[in-house]
Amino acid sequence: MSTKNVMVFLEQHKKKIANVSIELICEANRLAATLGGEVEAILIGNGIKEEMSIPAHYGCKKIFYAEDKRLSHFTSIPYAKIIADIIREQKPQIVLFGATTMGRDVAPRVASELKCGLTADCTELKIGDHTIKDKEFKNILLQIRPAFGGNIIATIVSPESFPSMATVRPGVMKLEEANTKLKAQIVPFTHKLKDSDFMTEILEVIDEAKAVNLQAAQIIVSAGMGASDTSALALVKDLAKTLGGEVGSSRPVVDSGVLIKDHQVGQTGVTVRPNLYIACGISGQIQHRAGMAESKRIIAINKDPEAPIFSIAHYGIVGDVNDVIPKMIKAFKAKA
Ligand SMILES: Cc1cc2nc3c(=O)[nH]c(=O)nc-3n(C[C@H](O)[C@H](O)[C@H](O)COP(=O)(O)OP(=O)(O)OC[C@H]3O[C@@H](n4cnc5c(N)ncnc54)[C@H](O)[C@@H]3O)c2cc1C
């Protein structure tokens with residue numbers, strides 16, 4: 001029998017907790033409030049106690065901390081064993097991981113060890129009831145994500161095995177305000193790993209800087225296929241520069257080799273929530289909208305008045321990007 005608690009695996013890189021883990025703490029709060037449980041977390045590493053105030057400020061009540069010099073950097077097998085052992089001991093109802101390189105590596109190993117369900121890349125999580133063959137399951141995790149190439153939005157449940165585990169991509173869940181008065185209980189966890197469990201040793205970590213960091217950008221000007229030729233793309237870049245923003249894109253623009261993958265917004269790109277998102281010549285298919293629909297303000301420029309992007313745009317401009325963008329740049333420069 002599980003508790004009603006929701007647990008988050010806190011991903012750390014070079015002693016800094018990843019933003020996605022804090023977003024998941026915020027989501028865990030919403031789920032735990034419905035279940036009547038608490039938010040707990042797992043942190044694995046070495047010498048990172050100071051970082052633990054961050055999840056606490058977002059509502060995490062208890063952090064199980066496994067500390068060891070050999071755990072400073074992520075290695076699959078030791079991390080998976082520790083996470084599985086903590087879950088076995090604490091019996092949370094739900095466990096959340098970031099859908100990152102680390103989360104995608106460790107979560108399936110933990111699910112396989114615990115023989116429980118795992119749904120990857122959820123875009124929404126809810127607590128609800130579900131009936132299978134006259135058997136009713138109450139207050140279970142409803143894991144919602146696009147399926148079959150984004151043609152349907154599926155709700156996935158795993159009611160007969162515990163915990164229910166899900167991964168969520170960075171930027172998908174909303175970050176709430178921090179409350180610096182909140183504190184968490186730190187529970188040291190003594191792992192039972194043997195030397196033979198440490199099959200790999202990390203000698204050096206080399207960070208490769210990303211060409212663009214869309215998730216940190218407050219203004220994004222995105223090019224779709226309607227703005228992907230050389231002159232229109234130059235206008236998109238110019239508008240982004242004028243506004244102090246980053247250049248995003250739809251997937252076909254990346255597939256055609258015009259921009260690199262780091263620019264791609266959407267289901268198979270990055271998920272963004274900037275203050276302003278300007279979609280230039282983007283039709284607004286569901287796979288693109290999945291990555292930007294939560295932007296605070298959306299301006300769409302498209303010459304087709306029926307383009308689906310207009311259904312989520314706060315301001316829609318029906319026109320050719322080659323005419324509209326220069327006017328926007330001129331107007332902004334005149335005001336600046
Ligand atoms: C599994 C899967 C995952 C996917 N993941 C993603 C993803 O992560 N991100 C993503 O973006 N897509 C993704 N896609 C692709 C998606 O389905 C769409 O094909 C894609 O978003 C369309 O890109 P677009 O709007 O740039 O191009 P189009 O659909 O070709 O639209 C171009 C638009 O530009 C307009 N236009 C043309 N010329 C002009 C002009 N001169 N001025 C103004 N408007 C003009 C047109 O009216 C049209 O609306 C995915 C698809 C699948 C199956």
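**Close-up views of a predicted protein chain**

**View 1. Strand β11 and its parallel neighbours.** Strand β7 (residues 118–122) is joined to β11 by three bridges, and the two run parallel. Strands here are DSSP runs of E with at least two residues, helices are runs of H or I with at least four, and both are numbered from the N terminus. Two strands count as paired if DSSP finds at least two bridges between them. In general, strands of a sheet pair through backbone hydrogen bonds, in either a parallel or an antiparallel manner. L118 stands opposite M165 in β11. Strand β6 (residues 94–98) also pairs with β11 in the parallel sense, over five bridges, and G98 has V168 of β11 as its bridge partner. The model is predicted: local features need pLDDT of at least 70, side-chain atom pairs count only at pLDDT 80 or more, and totals for chains, interfaces and linings use all residues. Residues are numbered from 1 along each chain as its sequence is written.

View 2. Five of the five residues of β11 (residues 164–168) are buried, so the strand is largely enclosed by the rest of the structure. A residue is buried if 20 or more other C-beta atoms, placed from the backbone, lie within 10 Å of its own; it is exposed if 12 or fewer do, and partly exposed in between. S164, A166 and V168 point one way from β11, while M165 and T167 point the other way.

**View 3. The open sheet of β8, β9 and β10.** Three strands form an open antiparallel sheet in the order β8-β9-β10. Its edge strands, β8 (124–132) and β10 (152–156), each pair on one side only. From one strand to the next, the twist averages 40 degrees; axes are lines fitted to C-alpha atoms, for helices over the stretch in contact, and angles run from 0 to 180 degrees between N-to-C directions. Strand β9 (residues 135–147) is joined to β10 by five bridges, and P146 has I153 in β10 as its bridge partner. Helix α1 (residues 19–35) packs on the sheet, touching β8 and β9, and its direction makes about 40 degrees with that of β8. Two residues are in contact if their C-beta atoms, placed from the backbone, lie within 7 Å.

**View 4. The contact between the two domains.** The chain is divided into domain 1 (6–197) and domain 2 (214–335), with bounds from an automatic or database domain assignment. The contact takes seven residues from domain 1 and nine residues from domain 2.
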